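Please keep the sequence and the 3D view at hand while reading.

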Amino acid sequence: MAVGLLDALAPIAQAEQLLLECVLDDEAWTLGLLKAGEVIGCISTHADEVPGCAVDPLGEMAYVFVASQDFCTRFFVNGVGKDALIKAPAVVSGKPDSLHRRWLREHFGLGEGEYPCHIVAENHALYGAALAGMAYAIVPRLQAKQDLEKGLLTVS
């Protein structure tokens, strides 16, 4: 939603006179909503086919690790590593297996409760927390592109 989904859906909704109810969830969890009949379509990181539905690949979305310059000066003066990450506040979605949490677990062996984090359910607010210097975040590169170019955020 934060990086152009509504722009892509607007022409279809207008042409077909559709009203949308957008249910926001981590893309690792949306397939479960579809299987449970809670939604009629989803964007998912899983390519599993659900009976009665088609799977159409949308492409790949690159994610980047971002933080404000000030935040990096305070927490990552010696680079991003396990020692820094157990002290630096992260901002993550509320789901226990979100992209950010998986990244910390898979790349640094950090499990739940081993790092400080703000929990923010909405992507714009999650991004805003990083932009405000409250935390570091993992966000879509497309979302951060302008602020990276302006120097408001940095990729670590």
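Which residue forms a salt bridge with Asp70, and how many Å apart are the closest N and O atoms? The partner is Arg74, with the closest N and O atoms 3.1 Å apart; a salt bridge here is a side-chain nitrogen of Lys or Arg within 4 Å of a carboxyl oxygen of Asp or Glu.

The model is predicted, so local features need pLDDT of at least 70 and side-chain atom pairs count only at pLDDT 80 or more, while totals for chains, interfaces and linings use all residues. Residues are numbered from 1 along each chain as its sequence is written, and side-chain values use heavy atoms, with hydrogens and water left out.

**Salt bridges**

The structure holds three salt bridges, which are set out below.

| Pair | N to O distance | Accessibility of one partner | Accessibility of the other |
|---|---|---|---|
| Arg74 and Asp70 | 3.1 Å | Arg74, 46% | Asp70, 48% |
| Glu112 and Arg101 | 2.4 Å | Glu112, 53% | Arg101, 4% |
| Lys145 and Glu149 | 2.8 Å | Lys145, 43% | Glu149, 59% |

The percentages are relative accessible areas, where buried means under 20%, exposed over 50% and partly exposed in between, computed with a 1.4 Å probe on protein chains only. Helices (H or I, at least four residues) and strands (E, at least two) are DSSP runs, numbered from the N terminus.

Arg74 and Asp70 are four residues apart in helix 3 (residues 69-75), and therefore separated by about one helical turn. Lys145 and Glu149 are likewise four residues apart, about one turn, in helix 7 (residues 141-150). An α-helix has 3.6 residues a turn, so residues three or four places apart point the same way.

Glu112 forms a salt bridge with Arg101. Because Glu112 lies in the loop between helix 5 and strand 3 while Arg101 lies in helix 5, this pair ties together parts that are 11 residues apart in sequence. Glu112 is exposed, but Arg101 is buried.

**Helix 5 and its cover**

Arg101 is one of the buried residues of helix 5 (residues 99-108), together with His100, Arg102, Leu104 and Phe108. What covers these buried residues includes helix 4 (82-85), strand 2 (90-92), strand 3 (117-119) and strand 4 (137-140), contact being taken as heavy atoms within 4.5 Å. After helix 5 comes Gly109, which has a positive phi, near 70°.
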